[in-house]
Structures are given as structure tokens and as C-alpha cells.
Amino acid sequence: MIGSMLIVIIKGTLDLGGLSVVLDHNRQYDRLVGPDLTFDPTARMGVFALFIGGALFKLQANGINQAIVQRYLTLPNNKDVKKALVYSLIGFMFVMLMCVYIGMLAFAEFYHCDPITTGLARAKDQVIPLYVVKNVGHIPGLVGLFVAGVFSAALSSLSTALNSLSGVILTDFVEPFRKKPLSERQTAYLLRGVVVSFGLISMASVPIVQRLGLVMQLSSTVAAITCGPLLGAFSVGMLLPFVKTESLLTGISLASSFTAYIVVRAQIAIFTGSLTFPAKPVSIEDCDYTFDLPANWNATTTATPTESTSHGIHEISFLWYTAVGSVGTVLAALLATLYFGRQDPRVVDKELISPVVRKFWYGKYDSVASEEKNNFNLHESETQLKLEQSEKS
């Protein structure tokens with residue numbers, strides 16, 4: 001994946017005349033812009049949304065996501081987990097910068113003849129493949145290398161997700177309800193059946209997904225319905241041991257419903273055109289091929305979308321969705337404790353609580369008499385005992 005992108009970047013930069021030419025074209029037509037310096041929650045890429053909402057989105061993606069946690073569990077200790085996380089973030093930023101630069105290359109190539117307006121590309125995600133074909137299509141094998149890179153990236157993510165789904169369904173939805181454990185062959189058939197089923201569902205969803213907007217926004221949008229409340233649930237579990245299960249379930253239900261309402265309402269508004277986003281002007285003045293245009297189209301710039309005619313909570317930036325779900329879960333769970341009551345923190349194994357707040361919740365109980373402690377059904381950490389015994393041996 002990285003190799004194919006590097007080849008396109010190097011070849012494209014040389015063909016256009018160097019890095020300075022690429023930057024000049026993008027700067028001249030106002031493509032080099034940073035996040036909006038505004039605290040308006042409806043700004044799609046506002047600085048506040050990026051640094052707060054985006055941080056919470058990456059926190060759930062790298063902290064509680066089933067696929068990433070499974071990878072953490074393959075490492076021997078927490079130190080290696082931290083190293084892997086740092087290295088992966090560095091690699092992620094490097095790949096994202098490469099993607100941004102390829103977008104700049106594509107604009108520098110097509111700035112005088114927009115392929116979407118002329119119908120050469122039917123959607124925004126077709127512009128980069130079109131640029132690759134035009135840029136390196138005459139070199140045997142390079143287009144295939146780029147396509148292989150794209151598919152390898154997609155398949156690696158998809159295979160990880162399907163593997164995680166099959167593991168969760170086996171562990172949480174099948175094994176607890178069976179009196180007799182599954183045999184090795186039965187387990188294999190079950191896991192393969194789950195993968196095939198979800199794979200077919202994914203394929204059947206393609207016609208719907210391709211109508212729902214940009215990939216990055218769509219992934220953040222759909223994931224927020226469940227991942228936002230899940231981040232809130234983990235936060236409550238690790239930081240607030242006095243919250244009962246009933247209170248947390250209430251918080252998750254309310255936050256999930258509210259987030260789903262915002263997401264679905266926003267997607268409907270985008271699909272119907274009542275919620276639009278400003279677009280940069282494009283030009284078709286220097287096209288060297290023939291094409292058909294609507295009679296009322298301006299030959300130099302596309303019409304800027306009209307301002308949104310609707311006003312509501314669904315107009316907030318998609319970067320806030322995870323924040324809404326996670327913060328909403330925590331707040332709703334705390335409010336639910338007024339009805340369901342508080343539980344004593346000592347009934348929760350303190351090793352399940354974040355070390356940052358462990359002393360706050362359990363430090364004041366260090367001097368409690370042992371006979372008083374016996375009144376509680378305390379949890380014991382068998383894992384820690386086994387580790388201590390193995391170290392002594």
C-alpha cells in the first residue's frame with residue numbers, strides 16, 4: 001500500500017515540475033486551508049470539533065475497539081502495548097499525509113478541468129484512480145500495483161473486523177448459553193459461518209453505503225452510534241465504581257438512541273439536500289476533450305451550495321458524534337444513580353479501576369478493620385496472584 005502510494009507521489013511530483021508547482025497550484029486556488037478557527041459546533045472541520053471530538057473518536061478507535069484490543073493482547077506487557085500504539089499513530093499520520101499530498105497532486109493536475117463536472121469521474125472517490133491512470137497508466141504494472149495497494153488496505157481492515165465479530169459472537173452470545181462446550185470442529189464451522197454471513201451483509205450494503213457520503217465521514221458517523229456509548233461505558237467502568245449496572249445500561253440506552261437520532265436525521269437531510277456544505281469553485285476552461293454540460297452551468301465555477309434550510313441538533317459536525325455518545329452515556333448514568341442508587345466501590349475489584357483514580361476511591365478504605373471488610377462480597381484478582389507466584393518461582 002505504501003509502496004504504491006510512494007510511486008504515484010514521486011512520479012506525479014516530477015511530472016508536474018516539482019513540489020513548488022504543486023504547492024503553488026493548491027495555494028493559488030485556496031486548497032491549502034487549515035481547520036476553521038471557530039467554536040461553532042456546526043462547522044464541519046472546526047478547530048474545536050477536530051481537537052475535542054476528533055480526540056474522542058481516536059480514543060475509542062485505539063482504546064476500546066475490539067479489533068485493536070485483540071492486537072494488544074498478543075503483546076507480552078503494557079510497555080510493548082504503548083510502543084505499538086505510538087508506532088501505529090506515527091505510521092497512521094504518515095499515511096494520512098501521503099493521502100493528503102496525493103489529493104494535492106490530483107488537484108494540481110485537474111485544476112483547469114474538473115473531471116467530476118465534465119462527467120469523466122462520477123464521484124469524488126473516483127478522482128484519485130483517474131489521476132493514477134492518467135499519471136502512470138502508460139507504465140506497465142503500476143496501475144495494477146496501485147489497485148493492489150488499495151485492495152490490500154481494504155481487505156486487511158475488513159478481515160480484522162470480521163475476525164473480531166466472529167470472536168465476540170462465539171464468546172459472548174454462544175458459549176454462555178451452552179451447557180456442553182463446542183468441539184473444535186463445531187467452533188471452526190461457527191466462526192466461518194459468522195464471517196461468511198457478515199461478509200454477505202457487507203456486500204449487500206454497498207449500494208446503500210455508496211449513497212451516504214464521504215468514506216471518512218461515513219465511518220465516523222456509523223461508528224459513533226455504538227462506539228460513542230461504548231467509550232462512555234468503559235469510562236464509567238474504569239473511573240466511577242459507585243455506578244450500578246442498571247444505571248450504566250440506562251445511560252447507554254439513552255445515549256445510543258439520541259446519537260442514532262442525530263445520525264439518521266443528518267443522513268436524511270444530506271440525502272434530501274436540506275443539509276449542504278460549502279464547496280470550493282472549480283474550472284473547466286482548459287479541458288482538451290468534449291463533454292456535455294447543463295445549459296445553466298457557469299463555465300468557470302460551480303454554483304456554491306445554498307445555506308442549509310433546516311436548523312437542529314443534527315447539523316453539528318460529524319466529529320462531535322462520538323463525543324455526544326460518550327459524554328451522554330456518562331451523564332445519563334450519573335443521573336440514573338439518583339433512581340437506582342449508588343453501590344459501594346469495595347464490591348468492585350480495584351484492579352479494574354484506572355490507577356489514576358484508584359487511590360481516590362480505595363485509599364480511604366485502607367484502615368478499615370478486616371471484620372468490617374468481610375461484610376462485602378469482595379472480588380479477588382486471580383491473575384495478579386498467579387503472576388506473583390510465577391515471579392517468585
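In these exercises a residue is called buried when its relative accessible area is under 20%, exposed when it is over 50%, and partly exposed in between, with a 1.4 Å probe and protein chains only. The structure is a predicted model, in which local features need pLDDT of at least 70 and side-chain atom pairs count only at pLDDT 80 or more, while totals for chains, interfaces and linings use all residues. Residues are numbered from 1 along each chain as its sequence is written, and side-chain values use heavy atoms, with hydrogens and water left out.

**Exercise 1. Describe the overall architecture of the protein.**

Step 1. Helices (H or I, at least four residues) and strands (E, at least two) are taken as DSSP runs numbered from the N terminus; on that basis the protein has 15 helices and zero strands.

Step 2. Of its 393 residues, 31% are buried.

Step 3. With contact meaning heavy atoms within 4.5 Å, 73% of the contacts with a separation of 6 or more join residues 24 or more positions apart.

**Exercise 2. Identify the nonpolar cores and the helices that supply the largest of them.**

Step 1. A nonpolar core is a set of buried Ala, Val, Leu, Ile, Met, Phe, Trp, Tyr and Cys residues joined through side-chain atoms within 4.5 Å. The largest has 20 residues, and Ile 9, Val 22, Tyr 101, Leu 105 and Tyr 131 have the most contacts inside it.

Step 2. Helices α1 (2-16), α5, α7 (127-136) and α8 (142-174) each supply at least two residues of this core, and the largest share, eight residues, comes from α5.

Step 3. Ile 9, leaving aside its neighbours within four places in sequence, is in contact with Met 98, Tyr 101, Ile 102 and Leu 105.

Step 4. A second, separate core of twelve residues includes Val 236, Val 243, Leu 248 and Ala 333.

**Exercise 3. Locate salt bridges and state how their partners are placed in the chain.**

Step 1. A salt bridge requires a side-chain nitrogen of Lys or Arg within 4 Å of a carboxyl oxygen of Asp or Glu, and by this rule the count comes to five.

Step 2. One of them joins Asp 15 and Lys 11, at 2.5 Å from N to O; because these residues are four apart in helix α1, about one helical turn separates them. Asp 15 is partly exposed, at 47% relative accessible area.

Step 3. Lys 280 pairs with Asp 30, their closest N and O atoms being 2.8 Å apart. This pair links distant parts of the chain, 250 residues apart: Lys 280 lies in the loop between α11 (245-272) and α12 (321-340), and Asp 30 in the loop between α2 (19-28) and α3 (47-63). Lys 280 is partly exposed at 34% relative accessibility, and Asp 30 is partly exposed at 40%.

Step 4. Lys 134 and Glu 109 meet at 3.3 Å, N to O, linking helix α7 to helix α5 across 25 residues. Lys 134 is partly exposed, with a relative accessible area of 48%.
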